[in-house]
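This briefing is meant for a reader who is new to the structure shown below. Please look over the sequence and the model before going on to the points, which are grouped by topic.

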Amino acid sequence: MSIKSGSCLCGEVTFEIEGDFDNFYLCHCSRCRKDTGSAHGANLFSSTAKLKWLSGVDKVTNFTLPSTQHKKSFCSICGSALPNIQLGGELLVVPAGSLDCDIHITPTAHIFISSKANWDKDLHKFPMIETLPLQA
């Protein structure tokens, strides 16, 4: 059983995940696009892994969209997405970008593609620049 470490952007919240992930979904639903500000959410799911907060648990804010099961946890200081427990404690959801280590599971699937942003097409075809491009 492996242990993976993670944190928020400002470093106030740190955590460990003990166990393995079952699935890794790239979710294109409008809710995940809104709460990430991006083309999709990238979340790891586990029904067996355990979450342990190492620091800053008092900085973790939870939000559930009313009348839905859409839940987001984030650092109250920097706003970074953080893991949360869903489905009455049955499911651990971990934003992939919150981990500070490599993961060895590749995405399982793109989901809710019918909600995909209209600009989210052929993104792999655009130039890939290693740093912030210089302004002319």
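**A loop residue and the basis of the model**

S67 is placed in the loop between β6 (60-64) and β7, where the strands (E, at least two residues) and helices (H or I, at least four residues) are DSSP runs numbered from the N terminus. This is a predicted model, in which local features need pLDDT of at least 70 and side-chain atom pairs count only at pLDDT 80 or more, while totals for chains, interfaces and linings use all residues. Residues are numbered from 1 along each chain as its sequence is written, and side-chain values use heavy atoms, with hydrogens and water left out.

- Most residues other than glycine have a negative phi, and most peptide bonds are trans.
- S67 has a positive phi of about 65° although it is not a glycine, and with a relative accessible area of 84% it is exposed; here buried means under 20% relative accessible area, exposed over 50% and partly exposed in between, with a 1.4 Å probe and protein chains only.
- L87, in the loop between β9 and β10, is not a glycine either and has a positive phi of about 55°.
- L87 is exposed, its relative accessible area being 53%, and its C-alpha atom is 39 Å from that of E130, which is 43 residues apart from L87 in sequence.

**Aromatic pairs**

- Rings of Phe, Tyr and Trp (its six-membered ring) pair if their centres lie within 6.5 Å, and planes under 30 degrees apart count as stacked, over 60 as edge-to-face and the rest as tilted; by this rule there are two aromatic pairs.
- One of them joins F15 and W53 in an edge-to-face arrangement, at 5.9 Å centre to centre and with 75° between the planes.
- This pair links distant parts of the chain, since F15 belongs to strand β2 (residues 14-18) and W53 to strand β5 (residues 50-55), 38 residues apart.
- F15 counts as buried because its relative accessibility is 0%, whereas W53, at 27% relative accessibility, counts as partly exposed.

**The largest nonpolar core**

- In soluble globular proteins, nonpolar side chains tend to be buried together.
- A nonpolar core is a set of buried Ala, Val, Leu, Ile, Met, Phe, Trp, Tyr and Cys residues joined through side-chain atoms within 4.5 Å, and the largest one here has 16 residues, with V13, I17, F21, L44, L82, V94 and L99 having the most contacts inside it.
- The elements that give two or more residues to this core are β2, β3 (23-27) and β10 (91-95).
- When neighbours within four places in sequence are left aside, F21 is in contact (heavy atoms within 4.5 Å) with K4, L44, F45, S46, V94, L99 and I105.

**The largest pocket**

- The largest pocket has 29 lining residues, and those nearest its centre are C32, N43, H70, K71 and Q86.
- A pocket is found on a 1 Å grid over the protein atoms alone, as an open set of points where a 1.4 Å probe fits, with protein on both sides within 12 Å along at least five of seven lines, and its lining residues have an atom within 4 Å of a point.
- The elements that give two or more residues to the lining of the largest pocket are β3, α1 (30-36), β4 (41-46), β7 (71-75), β8 (81-82), β9 (84-86) and β10.

- A42, in strand β4, counts as partly exposed at 25% relative accessibility.
- Apart from neighbours within four places in sequence, A42 is in contact with F24, Y25, L26, V94, P95 and A96, and its C-alpha atom is separated by 16 Å from that of Q86, 44 residues apart along the chain.
- K50 has its place in strand β5 and is exposed, with a relative accessible area of 57%.
- Apart from neighbours within four places in sequence, K50 is in contact with E16, I17, E18 and L92, while 31 Å separates the C-alpha atoms of K50 and K116, 66 residues apart along the chain.
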